[in-house]
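Trainee: Please pick one part of this model and take me through it slowly, along with whatever surrounds it. I would like to come away with a connected picture.

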Amino acid sequence: MSLSLTVHCDVSWTFGTCGRFLPTGTADPTEATAYVTRQGWEIRGTGADRCPGHAHRPNLISPLARIHHTTTEVTS
Ligand SMILES: [Zn+2]
């Protein structure tokens, strides 16, 4: 059995919480962060992670914004 980190969206509002989560498939925090960042998540640390629907990005579709926020991505 292998360990795998899972990120959870921590956004909450009057009627509840988002509750969205994403298994990363890795136990390495650096790899996990890189993976979920590629999926559009915003990782800020404990209690402040954001799913793609809640990430505070000016424009998720903008190619420039994507490049700016995925500088740690490994493309091979
Ligand atoms: Zn969310």
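**A helix and its surroundings**

Mentor: As for the terms, a residue is buried with 20 or more other C-beta atoms within 10 Å of its own, exposed with 12 or fewer, and partly exposed in between, the C-beta atoms being placed from the backbone. Numbering starts from 1 along each chain as its sequence is written. Keep in mind that this is a predicted model: local features need pLDDT of at least 70 and side-chain atom pairs count only at pLDDT 80 or more, while totals for chains, interfaces and linings use all residues. Here pLDDT is the predictor's confidence in each residue, from 0 to 100.

S2 sits in the segment before strand 1. Helices (H or I, at least four residues) and strands (E, at least two) are DSSP runs numbered from the N terminus. Although S2 and G25 are 23 residues apart along the chain, their C-alpha atoms are separated by 8.8 Å. For T26 and S2, 24 residues apart, the C-alpha separation is 8.4 Å.

T26 brings us to the loop between strand 4 and helix 1. It is partly exposed, with 16 C-beta neighbours inside 10 Å. Setting aside neighbours within four places in sequence, T26 is in contact with S4, L5, E31, A32 and Y35, where contact means C-beta atoms, placed from the backbone, within 7 Å.

Just after helix 1, G40 takes a positive phi of about 100°.

Now for the core. The largest nonpolar core has seven residues: V7, C9, A32, Y35, V36, W41 and C51. Helix 1 (residues 29–38) gives the most to this core, three residues. Such a core is a set of buried Ala, Val, Leu, Ile, Met, Phe, Trp, Tyr and Cys residues joined through C-beta atoms within 7 Å.

Stepping back, the protein has two helices and four strands, running β-β-β-β-α-α from the N terminus. Buried residues make up 12% of its 76 residues.

Finally, a word on confidence. The protein averages a pLDDT of 77, and 67% of the residues score at least 70. Among the elements, strand 4 (residues 21–23) has the highest mean pLDDT (94) and helix 2 (residues 63–69) the lowest (45). Over residues 59–70, pLDDT stays under 50, and the model has eleven contacts beyond four places in sequence for them. Where pLDDT is low, the predicted coordinates should not be read in detail.

Definitions and conventions:
Two residues are in contact if their C-beta atoms, placed from the backbone, lie within 7 Å.
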